[in-house]
Amino acid sequence: MSQPISLTRYLIEEERHGHINPELRLLVEVVARACKRISIAVGKGALGGVLGDAGEAGQASINVQGEAQKKLDVLSNEILLEANAWGGHLAGLASEEMTTSLPIPEPFPRGRYLLLFDPLDGSSNIDVNVSVGTIFSVLRCPDGVSEPRDEDFLQPGTAQVAAGYCIYGPSTMLVLTVGHGTHAFTLDREVGSFMLTTRGMRIPEETREFAVNMSNQRFWEPPMQAYIADLLAGKDGPRGKDFNMRWVASMVADVHRILTRGGIFSYPLDSKCAAKGGKLRLMYEANPMSLLVEQAGGAASTGRQRMLEVVPTSLHQRVPVFLGSKAEVDIAVDYHLRHD
Ligand code: AHM
Ligand code: MG
């Protein structure tokens with residue numbers, strides 16, 4: 001087998017092809033380096049003293065989403081902030097764990113890009129040693145803006161110039177797009193480098209596998225109820241085939257499986273999260289995953305609209321999510337549109 005190429009070499013070649021500029025190359029390298037540090041912290045587990053909830057004894061630390069923060073949520077956020085502050089490639093940052101966005105502080109120079117991230121997605125899985133991950137999205141800072149504010153980040157997913165996630169699983173992998181395909185890099189722990197292990201991931205168009213939290217079934221909207229009922233009816237039902245189900249409850253792990261072998265992932269609207277617009281966050285979760293999925297030949301939707309065309313109205317906006325194998329996402333969307 002020929003020697004796989006490193007992330008650094010991949011990025012330099014993308015630069016030579018005119019797909020990215022040096023600033024964006026640096027940005028991706030810095031995020032990847034931060035992910036290696038997070039991977040080390042996650043990998044230490046109980047030995048690192050980083051499991052459990054953040055906050056003082058008996059007093060949980062609550063983030064802007066109203067959720068209890070884990071120690072590793074806080075640590076991962078700090079690692080990403082510290083790594084990205086000084087390089088001169090960013091104008092500002094926004095995180096799922098922070099109330100408002102943050103312009104790059106003095107005395108560091110400000111660059112042309114905005115970085116958004118969910119520092120440790122699926123963190124409720126940390127204490128049970130199930131895969132978690134970092135998700136990130138890169139936008140351009142609007143022209144003429146020297147000190148970006150929240151509204152400067154409110155760009156549709158089509159405006160993303162790069163997106164990716166790092167999954168901390170049995171192996172640590174970085175899955176990345178700079179708008180020219182979706183590629184997977186595996187961390188060589190001995191060398192300390194991400195190595196390109198799958199160039200041009202492709203999601204099979206058809207599938208027999210779905211991912212959804214079935215315990216919410218009774219709270220779903222009627223079109224979602226009808227769609228899943230038809231999947232569950234199997235080969236004797238209207239779909240004429242049996243479906244398998246998987247739900248890790250860690251979006252990076254579920255999406256990684258779908259990028260690898262196909263399937264449909266869905267976190268639909270339900271009556272518990274309807275007032276918030278959904279469970280998953282548009283800017284930190286849905287948009288970057290949707291770009292990765294589309295770049296791998298899949299589709300991503302809110303159930304009613306292409307995800308990447310949603311015009312955001314707030315930084316922490318939530319949305320219903322359907323993504324994965326194109327033909328299956330189209331069918332799920334059809335159930336919603338026929339119902340409306
Ligand atoms: P988080 O950002 O607070 O970790 O929440 C997002 C996670 C996703 O990774 C996962 O798909 C979903 O929440 C699981 O939700 P549920 O526990 O309702 O099944
Ligand atoms: Mg999350």
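**Ligand shell and helix packing in a predicted model**

Colleague: How do the residues of the shell around ligand 1 divide into nonpolar, polar and charged?

Modeller: This is a predicted model, in which local features need pLDDT of at least 70 and side-chain atom pairs count only at pLDDT 80 or more, while totals for chains, interfaces and linings use all residues. Residues are numbered from 1 along each chain as its sequence is written, and chains are lettered from A and ligands numbered from 1 in the order in which they are written. Ala, Val, Leu, Ile, Met, Phe, Trp, Tyr, Cys and Pro count as nonpolar, Asp, Glu, Lys and Arg as charged, and the others, Gly among them, as polar. Around ligand 1 (C-beta atom, placed from the backbone, within 6 Å of it) lie residues including Glu-67, Asp-118 and Asp-121, and the shell comprises three nonpolar, five polar and three charged residues.

Colleague: Are helices H4 and H7 parallel or oblique to each other?

Modeller: Helices (H or I, at least four residues) and strands (E, at least two) are DSSP runs numbered from the N terminus. The axes of H4 (residues 222-232) and H7 (residues 326-339) come within 9 Å and cross at roughly 140°, where axes are lines fitted to C-alpha atoms over the stretch in contact and angles run from 0 to 180 degrees between N-to-C directions. Angles under 35 degrees count as roughly parallel, over 145 as roughly antiparallel, 65 to 115 as roughly perpendicular and the rest as oblique. H4 and H7 are therefore oblique.

Colleague: Which residues in H7 does H4 meet?

Modeller: Two residues are in contact if their C-beta atoms, placed from the backbone, lie within 7 Å. From H4, Pro-222, Pro-223, Ala-226 and Tyr-227 take part, and their partners in H7 are Ala-332, Tyr-335, His-336 and His-339.

Colleague: Is Ser-325 buried or exposed?

Modeller: Ser-325 occupies the loop between strand E15 (321-324) and H7. A residue is buried if 20 or more other C-beta atoms lie within 10 Å of its own, exposed if 12 or fewer, and partly exposed in between, with C-beta atoms placed from the backbone. Because 26 other C-beta atoms lie within 10 Å, Ser-325 is buried.

Colleague: Which residues does Ile-228 contact, leaving aside its neighbours within four places in sequence?

Modeller: Ile-228 belongs to helix H4. With 21 other C-beta atoms within 10 Å, Ile-228 is buried. Beyond those sequence neighbours within four places, its contacts are Val-212 and Gln-217.

Colleague: How many residues of helix H6 are buried?

Modeller: Just after H6, Gly-297 adopts a positive phi of about 90°. H6 itself (residues 282-295) is mostly covered, the number of buried residues being 14 of its 14.
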